[in-house]
Amino acid sequence: MKESKSLHEKTVIVALDAADQRQALALADTLDPSRCRLKVGKELFTAAGPAVVEALQAKQFEVFLDLKFHDIPNTVAGACRVVRALGVWMLTVHASGGRAMMQAAREAVGEDVNLVGVTVLTSLDAEALRATGVERPLEAQVSALAADACHAGLDGVVCSAHEAERLRAALGPAPLLVTPGIRPAGVDAGDQARVMTPARAVAAGASYLVVGRAITQASDPARALDDIIQSLEVS
Ligand code: C5P
């Protein structure tokens, strides 16, 4: 379909939200590792363990291990050393775990793994956040945790595309902004409350787009991925 390598060839991270390894690998087989990266989350990793990561890597995919670590620094560092040995491309920790935890994670994964922080879970609204004891407004909490993550040496944060513009302005050009909640125009939003098209998210400052169902539930996932990449090229 394309003659030349495109700028956005690997901007898209496909969320492999499968329940087991067989399902995950079948889905991966519909995709081209030179066109996207894959996200393995808690469900798939709990079901299939490091073997699924290794199987995806054997198929030449770079893996984003979305395990959102949050524990005492020593425990997180131990887990991060294991992740480093697995050779994943990206890993998440919770920024609310604190600066010492994030610094320990950074030291443990080294520089080869892109380490990004989760700020405030998008499932929490202002009231739910207040109920956890956080008094400042939600946006201020997101900004503070994002700045904290960068100060601790993380490579960036996971955020809603709707927060990308503000965070990009506050943090500058260097940090990675990884944004879920992406829906191409005309695709059902599902359970995501605030969605954005791929092109608008990149224009807002997103570095990588996490796309799940818009690709994985499409009748032709490779075609759905191509359409997204193309929408980024023309924008
Ligand atoms: O199917 P969909 O594109 O909504 O999937 C988005 C992926 O990003 C899922 O794996 C979901 O768990 C994840 N995610 C999210 N919102 C966040 C963090 C992660 O949708 N704030």
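A pocket, on a 1 Å grid over the protein atoms alone, is an open set of points where a 1.4 Å probe fits, with protein on both sides within 12 Å along at least five of seven lines, and its lining residues have an atom within 4 Å of a point. In this predicted model, the ligand sits in the largest pocket, in the sense that more than half of its atoms lie within 2 Å of the grid points. Local features need pLDDT of at least 70, side-chain atom pairs count only at pLDDT 80 or more, and totals for linings use all residues. Residues are numbered from 1 along each chain as its sequence is written, and side-chain values use heavy atoms, without hydrogens and water.

About 1,400 Å³ of space lies in the largest pocket. Of its 47 lining residues, Lys68, Thr122, Pro180, Gly181 and Gln192 are the closest to the centre. Helix H8 (161–171) is one of the elements that supply at least two residues of this lining, and H8 gives the largest share, 4 residues.

Around the ligand itself (a heavy atom within 4 Å) stand residues including Lys39, Thr122, Pro180 and Gln192. The protein covers 80% of the 470 Å² of accessible area that the ligand has on its own, by the Shrake-Rupley method with a 1.4 Å probe.

Definitions and conventions: Grid points are joined across faces, edges and corners, and a volume is the space filled by probe spheres set on the points.
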